[in-house]
Amino acid sequence: MWWGGRGQSFNIAPQKEEPEMGHSGPKCVQRTGMLEPRSRQLDGHVASGCLPGEQILAWAPGVRKGLEPELPGTLICTNLRVTFQPCGWQRSQETPLSSEYDFALVNIGRLEAVSGLSRVQLLHPGSPLKFIPEEILIHGRDFRLLRVAFEAGGLEPQAFQVTMAIVQARAQNSQVQQYAGIPLSKAGQSSGSRKPPVPLLETSEDWEAERKKQGARGWRVSTVNERFDIATSLPRYFWVPKRTLDSEVRRAFGHFHQGRGPRLSWHHPGGSDLLRCGGFYTASDPNKEDIRAVESMLQAGHSDVVLVDTVDELPSLADVQLAHLRLRALCLPDSSAAEEKWLSALEGTRWLDYVRSCLRKASDISVLVTSRVRSVVLQERGDRDFNGLLSSLVQLLSVPEARTLLGFQSLVQREWVAAGHPFLTRLGVTGASEEAPVFLLFLDCVWQLLQQFPAEFEFSEFFLLALHDSARVPDTLTFLRDTPWERGKQGGQFNSYTQIYNPGYCQPPAGNSVNSQLSVWDWDLRYNSEQILQFHNPGYDPEHCPDSWLPRQQPSFMVPGPPSSVWLFSRGALTPLNQLCPWRDNPSLLAVSSRWLPRAAISSESLADQEWGLPSHWGACPLPPGLLLPGYLGPQIRLWRRCYLRGRPEVQKGLSAPTISGLQDELSHLQELLRKWTPRISPEDHSKKRDPNTILSQSR
């Protein structure tokens with residue numbers, strides 16, 4: 001299984017000039033709880049073979065077990081990661097970053113030392129090792145497993161040393177984030193001529209180009225947050241209604257939680273606008289001018305406005321975290337769940353229930369966006385988690401452009417990275433209590449869509465796996481920070497700024513600036529050309545070209561909604577509202593949210609099942625072309641086995657090795673995919689699209 005990428009080799013060969021190393025590797029001394037290399041002879045090798053700032057702490061010969069075939073090699077611990085290097089295998093110089101055998105220290109979720117059949121010790125940061133291990137098991141937070149057995153014959157001290165080095169390095173890494181990205185020079189590219197593969201949306205020009213691409217004529221790029229004096233969690237630039245002045249934007253945003261006021265997330269080609277914003281700031285007391293500005297921004301030039309209660313029917317952050325922990329525990333090789341009760345235990349994790357809830361909610365919102373020309377506003381208190389998840393899923397369901405490889409990467413960059421999703425906190429890198437892998441939940445939802453509509457997506461499951469694993473690999477700034485301000489400051493993007501809102505930010509180490517133009521989308525840093533080819537879905541129908549689907553701005557595609565209508569979408573139903581803002585009549589309404597946000601009984605049907613959820617006098621509305629409505633009942637939601645069961649080789653054999661039971665499962669799955677693809681793709685077109693040269697040219 002290749003989906004970890006390839007990296008550059010470590011130079012760890014013993015040096016003749018340093019006889020004290022011999023077979024025991026570089027001697028280390030312990031200083032303030034951290035292992036440091038003692039030999040200066042290795043400095044040149046470390047500099048050429050390791051990442052910037054990386055040092056080898058300890059190493060030991062071993063054998064990788066658990067997967068066929070077993071591989072002899074060397075287990076290496078550095079101050080950034082733990083890696084296994086097979087004997088005789090030289091990593092490609094084209095891809096200087098991580099390998100499928102690399103585990104970043106922040107990615108290690110569980111570390112076990114084993115001796116014999118009964119002695120097993122779970123090692124926590126700072127805990128002493130009670131015996132010399134015969135094996136070590138490294139469980140990744142990304143569901144990977146690295147199992148290494150140490151060689152006997154006088155090398156036991158090395159096994160003890162490398163195990164303790166991992167324990168101490170994890171403890172040190174949890175206290176200080178030592179790595180802040182890879183310099184551009186490491187990629188062997190010129191900073192002057194290099195263009196990012198995906199627009200990073202860090203300049204006003206990028207935002208203006210994206211606005212024109214979406215055809216959002218009624219919107220403009222605002223520079224009011226260019227110095228991050230509105231909110232550090234917002235991007236420097238965003239879209240606001242064309243007739244709204246920056247002074248009005250500044251005042252209006254002050255009445256929303258964390259300063260995250262209403263702004264355009266995506267403009268539908270049919271005319272609707274999808275907005276996102278934080279919750280109303282209950283302590284504010286806006287004047288009439290501010291209220292008018294807020295209403296104008298929420299309406300976005302439309303008479304029909306739907307305010308979506310984003311978190312309604314969705315799990316809390318604590319629920320997502322607990323479900324993910326239960327799922328990871330269930331997928332461990334030594335899970336206590338009996339085989340006959342495994343599926344029941346899987347349902348008990350609630351993970352698939354949460355995937356189902358997200359798909360249902362996104363499906364309903366996509367109906368709201370595509371059924372009428374209106375403004376649909378996603379409102380979440382923090383505007384940094386489920387707003388991004390639902391907005392992304394709505395775009396994937398609504399337009400084919402988002403389902404292309406470039407379109408999906410641009411979508412993630414805009415709705416997650418630039419929008420300020422707190423990756424470090426949610427993925428547990430900072431050790432904060434607000435850990436919740438919302439982004440990984442989103443990737444699971446996308447995988448479900450890929451299984452249900454295999455001919456609609458240009459990217460493959462392997463691309464989703466690469467993105468899933470990249471979220472925990474600290475090699476670029478894409479997922480290394482919680483806010484755009486932190487990312488830009490770390491990358492040396494700006495030197496002066498005015499800070500108004502900055503919750504819990506720790507200043508990065510001085511003198512460790514990196515080029516911010518290097519991102520996770522630079523796949524050729526970790527994957528070779530053959531692997532990148534597998535990012536492409538072989539069953540994708542090129543006829544789903546966005547330009548051939550729907551012309552930009554087609555007024556006859558959707559009809560306007562009722563004049564001056566304001567709705568709340570909550571619990572699967574639309575409820576009319578008397579006013580859009582809670583301060584319109586009386587600020588005291590803020591204290592009684594039920595008077596302003598009436599809670600209708602939860603509907604047992606989706607919005608699409610309720611004839612688009614529209615009153616009968618509005619008339620029937622046909623299903624728009626290009627819209628996907630996923631299934632989310634019962635077996636329609638599956639377990640992402642290739643991702644979550646990677647630590648169980650006996651299960652993975654059915655996905656990648658020729659066993660009878662595995663081949664039967666794989667054949668059944670392929671036959672199902674073939675039945676879905678057959679009406680859309682002919683054998684001649686399929687053979688034409690599988691030309692590697694054609695695919696590679698399309699990916700560049």
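Colleague: How much of the protein counts as buried?
Modeller: Of the 700 residues of the protein, 59% count as buried, where buried means under 20% relative accessible area, exposed over 50% and partly exposed in between, with a 1.4 Å probe and protein chains only. This is a predicted model, in which local features need pLDDT of at least 70 and side-chain atom pairs count only at pLDDT 80 or more, while totals for chains, interfaces and linings use all residues. Residues are numbered from 1 along each chain as its sequence is written, and side-chain values use heavy atoms, with hydrogens and water left out.

Colleague: And how many helices and strands?
Modeller: The protein has 22 helices and 18 strands, taken as DSSP runs numbered from the N terminus (helices are H or I, at least four residues; strands are E, at least two).

Colleague: Which strands form the open sheet, and in what order?
Modeller: Six strands form it, in the order β13-β14-β16-β15-β17-β18, with mixed pairing; two strands pair if DSSP finds at least two bridges between them. β13 and β18 (573-576) are the edge strands, each with a single partner, so one side of each has no neighbour in the sheet. From one strand to the next the twist averages 30°, with axes fitted to C-alpha atoms, for helices over the stretch in contact, and angles running from 0 to 180 degrees between N-to-C directions.

Colleague: Switching to helices, how do α9 and α10 cross?
Modeller: The axes of helix α9 (residues 386-398) and helix α10 (residues 405-417) come within 10 Å and cross at roughly 155°. α9 and α10 are therefore roughly antiparallel, a label for angles over 145 degrees, with under 35 roughly parallel, 65 to 115 roughly perpendicular and the rest oblique.

Colleague: Which residues make that contact?
Modeller: Among them are Leu389 and Leu396 of α9 and Phe408 and Trp416 of α10, contact meaning heavy atoms within 4.5 Å.
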